[in-house]
Amino acid sequence: MSYFESRLRVNINNFNEIERKLCFCKLLGIQNVIVELENNGKKIQPDLKKRIEEITNINVKYRTNLIPKNLESLIKKLKGIGQSSNIIVVESADKKIQIQAAKDSRVDVISFSGQIALKTIFPGVISLTKQNQSFIEFSLASIMVKNKSLQSKNLRNLYRGVQLANNLKANYIISGNFDDLYSIRHPRALISVCHTLLGISLLQAKNCFSKNVVSLLNRVQMRQDRNFIESGVKLINRGEKES
Amino acid sequence: MISEHSKPFNKQEILNSIWASLWKYFGLKEASRVGLWMVDINFLEGFGIIKCSHHTKEIVISALTLITEISGNKIVFSPIKTSGTIRSIQITKNLLLDKNKKNIKDIQIMKIS
């Protein structure tokens, strides 16, 4: 099974940047990428996704990042998003928002990519994501900084978060989330980093970059299916065979 | 090996940066177990072959991954293949070289036409 880069941030106003990043991924041998289109409130052009997919033969999926300021803002942002084909990610350092997002079946991922959010991870939210079969996300970008003291601090926080998720047997994915072009790494290389520096088993690390991401994509597909009620429950028409 | 500028590196610079990364992230104990050996490096094509103990394979890949620059020049070391024998790596290397040559030929043909 091939590996996924689960978070590649691109600015929709700069198509050259998108092109450069995807070509660089191709050069590194990355086969699957989940792109986060940063729109800064602007409307995404309908043909943009098609243009992106034509750049290379990389398998491209999309994600929508929601950064709500408060609970009301989260509820407002989630309205009408249930049918979106994108992966819905909520990123917040507020525990109330995290709990609400973990309870909501429209939210696929609770992201703990940022350092402030990472410090707020607690067993309650992990338990809720497990119940709702959603996912937790960690990112490795913070440990690729130049400043040594900051790097060790970030590594310590990340280690703590990943170990907590691992011990509670959470569903979690790990992404690169690299800003700079030359910081992007192949997921297989990141698996080694997770195994050696974050203390997770090689198999678990591989799952975070492949199997769990595939499960996440299946969840998104199921969310769009109106006949799907919950895990293991699906409405089927009389005479229709389950696929 | 992908670098930001086409500034040439030398073998020693690359070896030093790998050792520095090994020391920085894994310390003396792990670094002493690695048995690092640079078998081959091709600066023109941008790849090389590194030999190490199979027990420390993941450590070496991590150390290579965490290298971000050499003397101010941004660089990416990305693993292509790992194998138990140098022979099979050489086969992969030759295949890659042929593929690169074919790509260059195709580009030249496209330019002519």
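This is a predicted model: local features need pLDDT of at least 70, side-chain atom pairs count only at pLDDT 80 or more; totals for chains, interfaces and linings use all residues.
**The interface of chain B and chain A**

- Chain B brings 21 residues to the contact, and chain A brings 21 residues as well.
- The area buried between chain B and chain A comes to about 1800 Å², with 65% of that area given by carbon and sulfur atoms.
- Of the area that chain B buries against chain A, 29% is supplied by Ile2(B), Glu58(B) and Thr65(B), which is more than any other three residues supply.

**Polar and charged pairs across the interface**

- The rule finds 3 salt bridges across the interface of chain B and chain A, and Glu58(B) forms a salt bridge with Arg188(A), in which the closest N and O atoms are 3.0 Å apart.
- Across this interface of chain B and chain A there are also 11 residue pairs in polar contact, both residues being at pLDDT 80 or more.
- On the side of chain B that touches chain A, at least two residues each come from β1 (2-3), α1 (11-34), α2 (57-65) and β5 (73-76) of chain B, and α2(B) gives the most, with 6 residues.
- The residues on that side of chain B divide into 10 nonpolar, 5 polar and 6 charged.

**A surface patch on chain A**

- Leu235(A), together with Ile229(A) and Val233(A), forms a nonpolar patch on the surface, and the accessible area of these residues together is about 260 Å².

**Salt bridges over all chains**

- Over all chains, the count by this rule comes to 16 salt bridges.
- Glu36(A) forms a salt bridge with Arg63(A), the closest N and O atoms being 3.7 Å apart; this pair links distant parts of the chain, 27 residues apart, with Glu36(A) in strand β2 (residues 32-38) and Arg63(A) in strand β3 (residues 59-66) of chain A.

Methods:
Residues are numbered from 1 along each chain as its sequence is written. Chains are lettered from A and ligands numbered from 1 in the order in which they are written. Side-chain values use heavy atoms; hydrogens and water are left out. Contact means heavy atoms within 4.5 Å. Buried area is the accessible area (1.4 Å probe) that two parts lose on being put together, summed over both. A salt bridge is a side-chain nitrogen of Lys or Arg within 4 Å of a carboxyl oxygen of Asp or Glu. A polar contact is a pair of N or O atoms within 3.5 Å; within protein, one must be able to donate a hydrogen and the other to accept it, and residues adjacent in sequence count only if both atoms are side-chain atoms. Helices (H or I, at least four residues) and strands (E, at least two) are DSSP runs, numbered from the N terminus. Ala, Val, Leu, Ile, Met, Phe, Trp, Tyr, Cys and Pro count as nonpolar, Asp, Glu, Lys and Arg as charged, and the others, Gly among them, as polar. Patches are made of residues with over 30% relative accessible area and no salt bridge: like charges are joined within 9 Å, nonpolar side chains (Val, Leu, Ile, Met, Phe, Trp, Tyr) within 5 Å. Accessible areas come from the Shrake-Rupley method with a 1.4 Å probe; for residues, only the protein chains shown count as cover.
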